[in-house]
Each structure stands twice: as C-alpha cells, then as structure tokens.
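Thanks for coming, everyone. Let me put the structure up, and then I'll walk through a few points.

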Amino acid sequence: MAISYNGLWKLLIDKGMKKGDLCKSIGLSSSTMAKMTNGESVNLSVLERICEKLDCDFVDLVNYKRTQEERSSARWSNSHFPSGNKED
C-alpha cells in the first residue's frame, strides 16, 4: 500500500505554511510528520486535527495508491465473486 500526502503538501504551500508551522500549531510530533513525509500511515485523529486547522477534508490531504501486487491480488479475489462481495 502506498499513501501519498501530496494534497497536504500542496495545501501548505497554498497557505504559505511550512511543515514545522503545522506541527507547532496543532501539536504534531516530528516523528508523525516524518511518517507522513515518508508516505506511512498515521492515526486518523492526526488527519482530523490537520483538517480542522486547514479547513479541509481527508480527501484534500491523502491519496491511496495500490501497489502492482495489490492490484493483481484484488483482480484475482474479485474474479471469483463478480459482484465484489464474498459469500457468507
């Protein structure tokens, strides 16, 4: 799984803020910011605080990108269930 925070970085540029400014304003640790910089997942409460500060929504911050392996795996598992729903 690949997580992109490019939306967040663009919002910060548009608002004239730096990553450090955001960290200070919402009490975000440098390790959490490092995770985001490296495309790692963070707690949803972190994204909530960022959304409150920047007056935006999750979709404005984060983009999920599947790896090639995940796409292949999803095609295989969905091919057995045409509706995409697994039987109970």
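**A buried threonine and the core**

T32 counts as buried because its relative accessibility is 16%; buried means under 20% relative accessible area, exposed over 50%, partly exposed in between, with a 1.4 Å probe and protein chains only. One caution on sources: this is a predicted model, where local features need pLDDT of at least 70, side-chain atom pairs count only at pLDDT 80 or more, and totals for chains, interfaces and linings use all residues. Residues are numbered from 1 along each chain as its sequence is written, and side-chain values use heavy atoms, with hydrogens and water left out.

Back to T32. It sits in helix α3; helices are DSSP runs of H or I, at least four residues, numbered from the N terminus. Its side chain makes a polar contact of 2.9 Å with that of S29. Leaving out residues up to four places away in sequence, T32 touches V42 and V46.

Now the largest nonpolar core. It has 21 residues. A core here is a set of buried Ala, Val, Leu, Ile, Met, Phe, Trp, Tyr and Cys residues joined through side-chain atoms within 4.5 Å. Among those with the most contacts inside it are L22, I50 and L54. Two or more residues come from each of α1 (6–14), α2 (19–26), α3 (30–37) and α4 (44–54). α4 gives the most, five residues.

Next, α2. Which of its residues are buried? L22, C23 and I26.

Key:
Polar contact = N/O pair within 3.5 Å; in protein donor to acceptor, adjacent residues only side chain to side chain. Contact = heavy atoms within 4.5 Å.
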